[in-house]
Amino acid sequence: MYKKQMTFQRIICFLSLVASVLFFIYSLGMMTDLFDMLYSMIPDPDDLDSAKVAGAGIYYEMQGFNRTLLRCSIGMILLSCLLFLTNTHSRRKYYVGNYVSSLLNVAAEAGMAYWCHVQVAAYKAQYLSTVDFAQLERRLSRYGTYTTSTFWFDIHMAVCIIAILVAVLLIANLIWKKKVMTGEQALLRSGKVVSA
């Protein structure tokens, strides 16, 4: 029982780090298609009304969100490292620091997933409803940079689901760890030897 739980907690700590890195990668890649298509459509970034294509200003409107997403993903990576600094991945008995680091990661994963989903869904709706795709295609098709793909808007769902799954697994790990520790204490009190 102990070996399974210890293996599970080690895997969950690494998955927390992976989920954080996925948010980081997503924040770097999200603006790629928009840059290729819309950046050249706005000659003056200070005057979004100067856009050559209606709705192209969304590229600049999303910059603040993307910057915040990048910073938060770096913060999540550091929080995931806290699991390793407190030895949550390898400790047989959890202390207050292990519970705090686990719960901070749960809050970060779930909060980031919710916030990212709400923001990206709103920007996707704005993108699809305001950008004049016919005009954009006329301007960009000869350069080969035009695409109707919403891949970077859609892939956020996978990133957010992974983050929520990791948060649930971290909670499951805490519950399982608490049961194992309680069982070990009961065995020690009864004078029996605990098998590794």
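1. A salt bridge here is a side-chain nitrogen of Lys or Arg within 4 Å of a carboxyl oxygen of Asp or Glu. In this predicted model, Lys124 forms such a bridge with Asp154, and their closest N and O atoms are 2.5 Å apart. Lys124 belongs to helix 5 and Asp154 to helix 7 (residues 151–154), so the bridge ties together parts that are 30 residues apart in sequence. Lys124 is partly exposed, at 23% relative accessibility. Asp154 is also partly exposed, with a relative accessible area of 35%.

2. How many salt bridges does the rule give? The count comes to two. Besides the bridge of Lys124 with Asp154, there is one between the side chains of Arg92 and Glu184, at 3.1 Å from N to O. This pair links distant parts of the chain, 92 residues apart: Arg92 sits in the loop between helix 4 (63–85) and helix 5 (96–130), and Glu184 in helix 8. Arg92 counts as partly exposed at 36% relative accessibility, whereas Glu184 counts as buried at 13%.

3. Helix 8 (residues 156–190) also packs with helix 1 (residues 2–29): their axes come within 9 Å and cross at roughly 155°. Angles over 145 degrees count as roughly antiparallel, and helix 1 and helix 8 are therefore roughly antiparallel to each other. The crossing of helix 1 past helix 8 is left-handed. Sorted by class, the contact of helix 1 with helix 8 has 18 nonpolar, five polar and three charged residues.

4. A search of the whole structure finds 14 aromatic pairs. One of them joins Phe65 and Tyr123, with ring centres 5.7 Å apart and planes at 40°, so the pair is tilted. Phe65 lies in helix 4 and Tyr123 in helix 5, 58 residues apart, and the pair links distant parts of the chain. Both residues, Phe65 and Tyr123, are buried.

5. Tyr94 and Tyr99 form an aromatic pair that is edge-to-face, at 5.8 Å centre to centre and 85° between the planes.

6. Phe35, Tyr39, Tyr59 and Tyr60 form one aromatic cluster.

Conventions. Residues are numbered from 1 along each chain as its sequence is written. This is a predicted model: local features need pLDDT of at least 70, side-chain atom pairs count only at pLDDT 80 or more; totals for chains, interfaces and linings use all residues. Side-chain values use heavy atoms; hydrogens and water are left out. Axes are lines fitted to C-alpha atoms, for helices over the stretch in contact, and angles run from 0 to 180 degrees between N-to-C directions. Helices (H or I, at least four residues) and strands (E, at least two) are DSSP runs, numbered from the N terminus. Angles under 35 degrees count as roughly parallel, over 145 as roughly antiparallel, 65 to 115 as roughly perpendicular and the rest as oblique. A crossing is left-handed if the near helix is turned anticlockwise from the far one by less than a right angle, and right-handed if clockwise. Ala, Val, Leu, Ile, Met, Phe, Trp, Tyr, Cys and Pro count as nonpolar, Asp, Glu, Lys and Arg as charged, and the others, Gly among them, as polar. Buried means under 20% relative accessible area, exposed over 50%, partly exposed in between (1.4 Å probe, protein chains only). Rings of Phe, Tyr and Trp (its six-membered ring) pair if their centres lie within 6.5 Å; planes under 30 degrees apart count as stacked, over 60 as edge-to-face and the rest as tilted.
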